[in-house]
Structures are given as C-alpha cells and as structure tokens.
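The sequence and structure come first, followed by notes grouped by topic.

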Amino acid sequence: MIERWESDDPFDARLARSATGLLASFNQEGVLTAADVHVATRAAALAGEERDEVRLAVALAVRAVRHGSVCVDLAALRETEETLPWPAADGWLEAVADSPLAAQSLVQVEDGLLYLDRYHREEGQVRHDLLARLASPRPVADEALLEASAARLFPGEGYAEQRAAALAASRQSTTVLTGGPGTGKTTTVAGLLALLTEQSPTPLRVALTAPTGKAAARLQEAVEGAQLAPQFTDADRARLNGLTASTLHRLLGWRPGSSTRFKHHRTNRLPHDVIVVDETSMVSLTMMARLLEAVRPEARLILVGDPDQLASVEAGAVLSDLVAGLAVRSPDAVAALRTTHRFGGAIGALAAALRDGDADAALDVLKSDDPAVELVDPADETRTAEVERELVRHAVALHEAALAGDAERCVRMLDESRLLCAHRDGPWGVAHWNRQVERGLAETTGEPLGIGWGHEWYPGRPVLVTANDYGLGLFNGDTGVTYQDAGGDLRVAIAGGATYAPSRLGDIETLHAMTVHKSQGSQARSVTVLLPPDDSPLLTRELFYTAVTRAQERVRIVGTPDAVTAAITHRAQRASGLRQRLGHD
Ligand SMILES: Nc1ncnc2c1ncn2[C@@H]1O[C@H](COP(=O)(O)OP(=O)(O)OP(=O)(O)O)[C@@H](O)[C@H]1O
C-alpha cells in the first residue's frame, strides 16, 4: 500500500498547479506533494533532463526521504499499487542512471535503488567508516584479568548472556548491543565500563550519549543505579565516578544555524576513548554518518538499542540495517540480549508476541486476566468513559500538586501515566485528546483551564519540548510540568533540569497525550495506547511495539482485535541500501 494524502480542497497547498504529465497525475493521486514535484522539476531543469519518467523517479526519491526512506526501490513501489499510471517498467531505472541528473551527481543508482545524492554519500560513508573500524586491529586485553573481572561483575548463569556480550565488546572496537526493554542492556554497559576502566593504565575518557535529552538522562541514571549492585567494588565505582551523559548533538558540538554539521568531524575527532550510544534506533542515517566520522579510529564504540522499535524520525533505519548487514559480514560485532529481567509476564509476553508477529498470541495475552495488560473495545462506551475519567483524574491530581507548588512531585507524577496516540490529528489524535482531557479538567475543577478557554498556561499543564534550545539547555523530548511558585507566578519545571518562566519556552506542546513517535526514549508506569482504526497507514508493528514497551507496570490498549491484528501484520518498511551494502565488497 502506498501512503497517500487526501483532500477535497481544490486550494490544498499540496496540489501542484503547474505540474504536467506523470508528475501531475501522481500529485493528483495524492502520492506526490507539491514540494516533491517542485524539487524534481527544478533539479531536472537545472540538469537539462526533460523525460517525464525520469522526473517522476526523482520526485519519488524526494518523497521517499519524506517518508523516512533513504532511497526508493522503483520496481518494488510499482508492484505495491498497480493501478497508478506507471511508466513502462523496462528501462525506467536505466533511464535515470543514464540521465544528466546522474551524470551531474544529483541522484545516484546503486543495487537497483535510486538515491538523492546526499543520502547515497552518507550511506557510503557509514559503510566505509564502519568497515574500516571492523577491520582495525583488536584492542589488546589482559585476558586473565578480563575473564576474572567478568566473572565477578556478571556472576553465574543468570548473567551468562550479558557476560558474553561484555566480553565480546571488551575484545573488539565496535559492538552493536541489542535487546528489548529490560533485557539488561544498561546493566551490561555499566559492567563493561567497569571492565574497560580496569584494563586501562590511565583514566579512560568515556562518553555516554543518546539522541534525546530524556534518553541521555535515563542512561546516566541507569548506569549510576547499576553500579550500586553488590558485584561492583568501591574501586570499580571510583573508576566510574563522575560519568555524565549528553545528547548526541551536544557531544558532537552543535553549531548555530546547522543541524547536520558539527564541531567534531573527521579532522577534529572526539577525544573520548569509549563512546556508548543508547537508543540507537532513534539515530538517523545523517547523525550516524556524523558520529562515525567523529569517533577516533582507536576509540571503542558501543551502539546500544532495540532494533524492533520505530526507526528515527528522520530518514534511515540504521540500527536494524546494522544488525542485518553485520549478521552477514561480521556476526561477532552484534551482541544480542534476549532474556527479559524486568517485566512481569504479561507486558513481556505481549512485547514478544509483537516482535514475533504473532497476532493470536498477542490477543491471548491481551484478553487474559493479568492486571498488567488490558484490551478496551472502543465501542464499549461504559469502559471508554471510565478510561477517559481516569485520564482526567490524573490531570486533576497534577493540577492540585501544581497549585500546591510541589514541582518535584509534579515531575514525578508525569511519568506515572501516559496516553499515547498514533496520529497527531483527527479523533484518534494527540490534539483531540489534549483538548478532551483539558475539557474534563475544566469541568471537574470549575476553572477555565486549557486552550479551549483561552488559558494555554495553567498550573498542571504538562509540556513536551519539541526542539533543541542550547541557550536554555532544553532538548527535544524533554518533559515538564507548569506549577505555581510561592509568589503565585507560573513556572515550568523540566524533568531533570531547571525551571523556566512559560514565556521563555518556544517549541512546546501540551502533554496530556503524546504521539508514539515522540515517546521513544521515555517510559511511564502506566501507559494507555489509542490504536487508530485498522485501515490507518500509521498502524504498524513497530509503532505498536514501541508503544507497548514504554510501559513499566501496566499497559492498556484501546482498540479492536482487528486493529491489533492489522498493527501486527503491517511492517514500517523503510527503503535503504545499507544492509546490502554492508554485506558485499
Ligand atoms: N542478569 C540479571 N539478573 C537479574 N536482574 C537483572 C539482570 N540484568 C539486569 N537486571 C535487572 O533488570 C532490570 C532491567 O535491566 P536494565 O535496566 O539493565 O535493562 P535495559 O535493557 O537497559 O532496559 P531498558 O532499555 O528497557 O531501560 C534492572 O532492574 C536490572 O537491575
């Protein structure tokens, strides 16, 4: 199925009035937007290319990036919807490869895939840097000490999987450490850092990093927590003392005015000896390219993440590509953790069923009596009203804590309950549910709270930061709560950060509800997931898995069994060539 936009509005900005030929047809069908059409038309005009089918191919490559793909597989795309007015299959890709657009390096064709030049270059660079790292000499280890310390830090059968992963990562310079939630990834990282710091005669410079501020804060907290385990000695803790985590943007050194170029790069590498990247599934191809070129060849790189989660917001599916590509090229570079240590049965069993694509097993878990999971039928008005009342109760409690000026409690409460939606707009979307909860809050308190009453800022308004602001020290994904201080003024307390006057915050959204995409890298005690109808193109296994695995203790799915099955059946497919390109010379 090709995702399309739909509109009855003849003045819709996505309609390209000046388009002709195939570009016009694919625009009117809702496949291409006006922006896709204009970029392709302009590039073709600059290169002197007039063939209709080549312009269409370029527009589809532009569209692909917009949908998170790095390139487009024209042949595969044709097959997904035969009714569209496709050009003749024979010779289509060859025509693009022979075009002046390719000769002038505006587009590239490789392995049957069509790329915009930038993404082809970035993919090639990631492949090159990674293969160079894999071919570099292995770090020298004091094997006897390594084995003895690994046995101490990862004792017995219960830690066997993690011990093997940490030993592998100690003996090589690049490791991809994968595992679902609660499989002990952070515990492994903490033990591995203890092993590495013990091996080094001089203090190691260690960077802990993640794509969002929230994920970086969680990583730091978890690594600090893991060191409290009895198998860590005071000497281990002393060597690991003072580790701090930062966002990838901050680590690489952001530069004003550019989100894709940083202070550290190939000729000004990062000084660190060990770099641990958490939540790697959220790292885009562009960021992975920037990271790999900035890491010193002799530094150790550990990429940690869950390849079954949604991929990055921007183009690429780097973690799952690395796992698949390295499985062929260099299987030892991937250390997979499979045993879950955190969840009680039900959430873990549901996550496993989703990962395996087993809809029957997922529905069995959801329909079981286990209080950790629940499936709510959207047609059951009594039950959905109860769910809504529960969401409003949480908002009212947050409002009361905020009125009492208890910023710390407000921030803690934020991670107790979370409503996740697939969509931003429409009856299943974040905007609607933010309004619904605010309406309930206003009705319960009798106060005109919320945007619907012209009061955007009110005590208890939970907020999500949606863009990095280095000046203020705020990061995309940070969360916070508005509270009333002792002087009666409103302030916003950011989790793990400072407090701010609301007027200083620019890129902010209300957080009574949140998209699953934005929830990546965070968790809450109790999670409610609103599944859209089964024909929603956003409903995919990766989205559902990501939503479910945000829950620490309880997950409630509002959706029909058909929507559950549809979610598990549809894969969030992203075209990229990295996995194939890693596999061959
Ligand atoms: N081998 C083990 N035996 C028993 N408990 C363990 C083991 N490894 C980790 N744990 C515990 O399981 C929980 C999850 O571990 P950890 O935080 O390391 O997992 P994770 O994969 O990093 O989780 P997530 O990414 O979901 O935050 C922690 O409470 C940890 O102490």
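This is a predicted model: local features need pLDDT of at least 70, side-chain atom pairs count only at pLDDT 80 or more; totals for chains, interfaces and linings use all residues.

Residues are numbered from 1 along each chain as its sequence is written, and side-chain values use heavy atoms, with hydrogens and water left out.

**Domains**

- The protein chain is divided into domain 1 (21-115) and domain 2 (141-342), with bounds that come from an automatic or database domain assignment.
- The centres of domain 1 and domain 2, taken over C-alpha atoms, are 38 Å apart.

**Nonpolar cores**

- A nonpolar core here is a set of buried Ala, Val, Leu, Ile, Met, Phe, Trp, Tyr and Cys residues joined through side-chain atoms within 4.5 Å. Buried means under 20% relative accessible area, exposed over 50% and partly exposed in between, with a 1.4 Å probe and protein chains only.
- The largest nonpolar core has 75 residues, and Leu60, Leu114, Leu291 and Leu322 have the most contacts inside it.
- Helix H3 (residues 52-66) gives this core its largest share, 10 residues. Helices (H or I, at least four residues) and strands (E, at least two) are DSSP runs, numbered from the N terminus.
- Domain 1 (21-115) and domain 2 (141-342) each supply at least three residues to this core.
- Leu322 is in contact (heavy atoms within 4.5 Å) with Leu130, Val176, Leu303, Ala327, Leu578 and Leu582, leaving aside neighbours within four places in sequence.
- A second, separate core has 50 residues, including Leu350, Ala372, Ala422 and Ile568.
- In soluble globular proteins, nonpolar side chains tend to be buried together.

**Cysteines**

- The structure holds 0 disulfides, a disulfide being a pair of cysteine sulfur atoms within 2.5 Å.
- Cys71 counts as buried because its relative accessibility is 2%.
- Cys421 also counts as buried, at 0% relative accessibility.

**Ligand site**

- There are 14 residues around the ligand, of which Gln162, Lys185, Thr186, Thr187 and Arg218 come nearest. A residue is counted as near if one of its heavy atoms lies within 4 Å.
- An oxygen atom of the ligand lies 3.0 Å from a backbone N or O atom of Gly182.
- For Thr183, a backbone N or O atom lies 3.2 Å from an oxygen atom of the ligand.
- An N or O atom in the side chain of His341 is 3.5 Å from a nitrogen atom of the ligand.

- In H9, the residues Gln162, Ala165, Ala166, Leu167, Ala169 and Ser170 are buried.
- The buried residues of H9 pack against helix H8 (143-153), E4, helix H10 (185-199), strand E10 (300-305) and strand E11 (334-337).
- Gln172 sits in the loop between helix H9 (160-170) and strand E4 (174-179).
- With a relative accessible area of 7%, Gln172 is buried.
- The side chain of Gln172 reaches the backbone oxygen of Asp332 at 3.1 Å.
- Not counting residues up to four places away in sequence, Gln172 touches Arg138, Pro139, Arg300, Asp332 and Ala333.

**Val276**

- Val276 lies in strand E9 (residues 274-277) and counts as buried at 1% relative accessibility.
- Beyond residues up to four places away in sequence, Val276 touches Val189, Leu193, Ala207, Leu208, Thr209, Ile302 and Val304.

Technical notes: A polar contact is a pair of N or O atoms within 3.5 Å; within protein, one must be able to donate a hydrogen and the other to accept it, and residues adjacent in sequence count only if both atoms are side-chain atoms.
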